[in-house]
Amino acid sequence: MIGLVEGAARQKTPNEIALTILLASLTIVFLLAVVTLQPFARYAGAEQSVTVLVALLVCLIPTTIGALLSAIGIAGMDRLVQRNVLATSGRAVEAAGDIATLLLDKTGTITHGNRRASAFRPVTGVGEAELARAARLASLADETPEGRSIVALAEERTPGPYEESPAGTEHVPFTARTRMSGVDLPAERTRVRKGAAGSVREWVRAGGGDPGEEAARIADGIAASGGTPLLVAVEDARGARVLGVVHLKDVVKPGMRERFAELRRMGISTVMITGDNPLTAAAVAKDAGVDDFLAEATPEDKLALIRREQAGGRLVAMTGDGTNDAPALAQADVGVAMNTGTSAAKEAGNMVDLDSDPTKLIEIVSIGKQLLMTRGALTTFSIANDVAKYFAIIPAMFTATYPGLDRLNLMRLASPESAILSAVVFNALIIVALVPLALKGVRYRAAGADQLLRRNLGLYGLGGLLAPFLGIKLIDLLVSLIPGIG
C-alpha cells in the first residue's frame, strides 16, 4: 500500500492519490477479513474450502472499478483526439479534471484577436500626418494583424505617395521583454518605436527626453474604454519625444461571460493574461467576466503566477504558442501548446491542439471533469455493489451452522453453492455491462461537489445496492437448475 501511495503522490494528481488510497485500503481490509474468517469458521465447526474463500475475496475486493479504470482513461484520451487534441500522457487528462486555476491569453482567446487600428491620437504640437508616418514606418515589418492595420490606416488617413523603408533601415522586432518594436534609420539619425505605454515612456526617458503627461492621459482614456493604446515615439535631432497614441480596438467573443460563469460554478477561477496596460486589462476583464487578470505580463510574470497558485495546492492550466511561453507551459499542470506554435512550446506542454484554438482549453477541462465524474460514479457503484454481494455469500457460508443467519438471505437463494456461484458470475458480468458506460462517460454538468455527491449516492450508490440483488437472484434461478447445485 505504501508503494502505491508513494507512486500516486509522485503523479501529484489529488484524485489519483485519493482513489489509490481508497482501493488499496479496501483491498487490505477485505483481504484481512477473508484471511481471518477461516479460524472463526473452524472454531464454529464450519470450516470453509479455499474455493469458497477465494470466491468471497474476488467478490468483495473492488474488482469492478479496478477493471474499468483503463476503459475510463482510454475514453478520455479518445474524446480529446476527437477534438483534435493530442495528449502526451494520461496524467494530463486526469489533471485537466482537477484544474482549479485557468490562465487564458486575452488576444485570440477571450477577444477575437483581430485588433485593428481605428484612430491616431497625436499629442499637442504634433500633426496627425506626422504621427501616422512614424507609426507606419514602425509597422512596415510587423506582419501581425495589428501591424498591418496600422499601415492600412496610415495610408488611408494621409495622402500618398507612401515611402517604403529607406535603404539601410534596421527593423527592431517586438519581444515579450521590451514590449515594443520599431525601426532605426541610420541615414537620418532617427529611431522610431511603438508599443506598450510604459515601455515607450521608459525608452523616451532613456533617450534623454520627457514623455510628458498628455500621452499618458490619452492612453488611459483609450484603455478605460477597453481599447489598446500603442504609444509612438521618435528620437532624432530634436531629441526623444512621444508623438501620440494609436488606438487599437478589439471585441470580446460572444458567450465568454457565460462560459466563465460555468467554470466558476465548477470551482475554477479564471485569470486573463495580457500584455496590455492595467486599465485596458481591467476593462476587458470586467466585460468578459473573468475572476482576475495579469496585465503587462512577461514570461517571468506568467511563471511566477503559476508557481504561486501551485504553492497554494491548486492545479493550473494554460495555453501558449511561443518560445517565451515554454517555461510556463512546462510548469503548468496542463500545458496546451498550439500546433502553429514553436517547437519549444510544443515540447514544453503536455497537450497539443492541432486546430490551434486557444479557447479549446475550456473544452479540455470539461473532458477532464467528465472523466473524473465517470470514475467517481462507477467507484460509488462498485463499492455499493460489493456491499450487496456480502448478503449473498456470507449467509450461504454459515447458514448450516447458524440457522439464524438465514434471515440475511434476503434474496432467498436456492443453496449455498448456487449463491456463491451466482455471486461470482454476476461479478464478472457486471464489469462487461459497465464497459459501455465507462466508454461513453457520465453526462457532464457543471455542479458543486455536494451536488455531485448527492447524485452519485442517489443514482449510482442506490443502483449499486439494488443491481446485485436483482442480478444474483436471476442468475441463481438459472444456476439452481444445474444438477448438484440447486
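Two strands pair if DSSP finds at least two bridges between them. The legends below apply this to a predicted model.

**View 1. Strands S4 and S5 pair at one side of an antiparallel sheet.** S4 and S5 (residues 180-185) are joined by 3 bridges. Their pairing is antiparallel.

**View 2. Six strands build an open antiparallel sheet.** The 6 strands follow the order S3-S8-S7-S6-S5-S4. The pairing is antiparallel. S3 (116-122) and S4 (170-172) are the edge strands. Each of these two pairs on one side only. Direction ignored, neighbouring strands are turned by 20 degrees against each other on average. Helix H8 (residues 145-157) packs on this sheet. H8 touches S3, S6 (190-195), S7 (228-236) and S8 (239-249). The direction of H8 makes about 55 degrees with that of S3.

**View 3. Seven strands form an open sheet with mixed pairing.** The order of the 7 strands is S1-S13-S12-S11-S2-S9-S10. At the edges lie S1 (85-87) and S10 (292-294). Both edge strands pair on one side only. In this sheet, neighbouring strands are turned by 20 degrees against each other on average, direction ignored.

**View 4. Strands S11 and S12 run parallel.** S11 covers residues 315-320, and S12 covers residues 334-338. The two strands are joined by 4 bridges. Gly320 stands opposite Ala337 in S12. Helix H16 (residues 360-398) packs on the sheet. H16 touches S1, S2 (99-105), S11, S12 and S13 (351-353). With the direction of S2, that of H16 makes about 165 degrees.

**View 5. Helix H11 packs against helix H16.** Two packed helices are described by the angle between their axes and the distance between the axes. For H11 (residues 256-265) and H16, the angle is about 30 degrees and the axes are 12 Å apart. Angles under 35 degrees count as roughly parallel, so H11 is roughly parallel to H16. H11 passes H16 in a left-handed crossing. On the H11 side, the contact is made by Met256, Arg259, Phe260 and Leu263. H16 contributes Ile362, Glu363 and Val365. The residues of this contact of H11 with H16 divide into 5 nonpolar, no polar and 2 charged.

**View 6. Helices H10 and H12 cross at roughly 15 degrees.** H10 spans residues 214-224 and H12 spans residues 278-288. Their axes come within 7 Å. H10 and H12 are therefore roughly parallel to each other. The crossing of H10 past H12 is right-handed. Asp220, Ala223 and Ala224 of H10 make the contact with Leu279, Thr280 and Ala283 of H12. By class, the residues of the contact of H10 with H12 are 4 nonpolar, 1 polar and 1 charged.

**View 7. Helix H5 is largely enclosed by the rest of the structure.** H5 covers residues 90-97. Buried means under 20% relative accessible area. Of the 8 residues of H5, 7 are buried, so the helix is largely enclosed. The buried residues are Arg91, Ala92, Val93, Glu94, Ala95, Ala96 and Gly97.

Definitions and conventions. Residues are numbered from 1 along each chain as its sequence is written. This is a predicted model: local features need pLDDT of at least 70, side-chain atom pairs count only at pLDDT 80 or more; totals for chains, interfaces and linings use all residues. Side-chain values use heavy atoms; hydrogens and water are left out. Axes are lines fitted to C-alpha atoms, for helices over the stretch in contact, and angles run from 0 to 180 degrees between N-to-C directions. Angles under 35 degrees count as roughly parallel, over 145 as roughly antiparallel, 65 to 115 as roughly perpendicular and the rest as oblique. A crossing is left-handed if the near helix is turned anticlockwise from the far one by less than a right angle, and right-handed if clockwise. Contact means heavy atoms within 4.5 Å. Ala, Val, Leu, Ile, Met, Phe, Trp, Tyr, Cys and Pro count as nonpolar, Asp, Glu, Lys and Arg as charged, and the others, Gly among them, as polar. Buried means under 20% relative accessible area, exposed over 50%, partly exposed in between (1.4 Å probe, protein chains only).
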